[in-house]
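Let us read this structure together, one feature at a time. Keep the sequence and the model in view.

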Amino acid sequence: MTIPSAASPPPGRGPVEVALEGGPADVPRTLRVMHDVVSDGKIKIPRNGGYEHFERVGASPESGDAPLFRWTTRTKVAE
């Protein structure tokens with residue numbers, strides 16, 4: 001019996017490390033997200049019953065030119 005292996009993502013489609021700026025102090029300053037998220041230009045991170053929203057603003061010189069996302073707002077999960 002052969003167990004199928006997980007297909008690896010096409011080149012340029014796998015996880016990408018991004019830099020985060022602003023937002024709450026306990027949000028990590030770097031994050032690995034899928035390539036599609038970076039191309040959308042927005043990241044939504046679930047946190048404490050809501051979401052922290054970040055938008056792409058360029059590249060981060062501190063993180064080796066990783067895409068840089070800046071915090072824009074927080075929303076709460078609808079009940």
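**Strands and salt bridges**

Arg 74 is partly exposed, at 31% relative accessibility. Buried means under 20% relative accessible area, exposed over 50%, and partly exposed in between, with a 1.4 Å probe and protein chains only. This is a predicted model, where local features need pLDDT of at least 70, side-chain atom pairs count only at pLDDT 80 or more, and totals for chains, interfaces and linings use all residues. Residues are numbered from 1 along each chain as its sequence is written, and side-chain values use heavy atoms, with hydrogens and water left out.

Q: Which residue meets Arg 74 in a salt bridge?
A: Side chains of opposite charge can pair when their charged atoms come close. The cut-off for a salt bridge is a side-chain nitrogen of Lys or Arg within 4 Å of a carboxyl oxygen of Asp or Glu. Here Arg 74 meets Glu 52, at 2.8 Å from N to O. Glu 52 sits in strand E4 and Arg 74 in strand E5, 22 residues apart. Strands are DSSP runs of at least two residues, numbered from the N terminus.

Q: Is Glu 52 buried or exposed?
A: Glu 52 is buried, with 1% relative accessibility.

Q: Which residues are linked with Glu 52 and Arg 74 in a network of salt bridges?
A: Asp 26 and Arg 47 join them in the network. Arg 47 and Asp 26 form a salt bridge, with the closest N and O atoms 2.9 Å apart. Arg 47 lies in strand E3 and Asp 26 in the loop between E1 and E2, so this pair ties together parts 21 residues apart in sequence. Asp 26 is exposed, at 54% relative accessibility.

Q: How many salt bridges does the structure hold?
A: The structure holds five. One of them joins Arg 70 and Glu 21, with the closest N and O atoms 2.4 Å apart. Arg 70 is in strand E5 and Glu 21 in strand E1, so the pair ties together parts 49 residues apart in sequence.

Q: In what order do the strands form the sheet?
A: Strands pair if DSSP finds at least two bridges between them. The five strands run E2-E1-E5-E4-E3 in an open sheet with mixed pairing. The edge strands are E2 and E3, each pairing on one side only. E4 and E5 pair in the antiparallel sense over ten bridges.

Q: Which side chain does Thr 75 join in a polar contact?
A: A polar contact is a pair of N or O atoms within 3.5 Å; within protein, one must be able to donate a hydrogen and the other to accept it, and residues adjacent in sequence count only if both atoms are side-chain atoms. Thr 75 joins His 53, at 2.7 Å.

Terms used. Helices (H or I, at least four residues) and strands (E, at least two) are DSSP runs, numbered from the N terminus.
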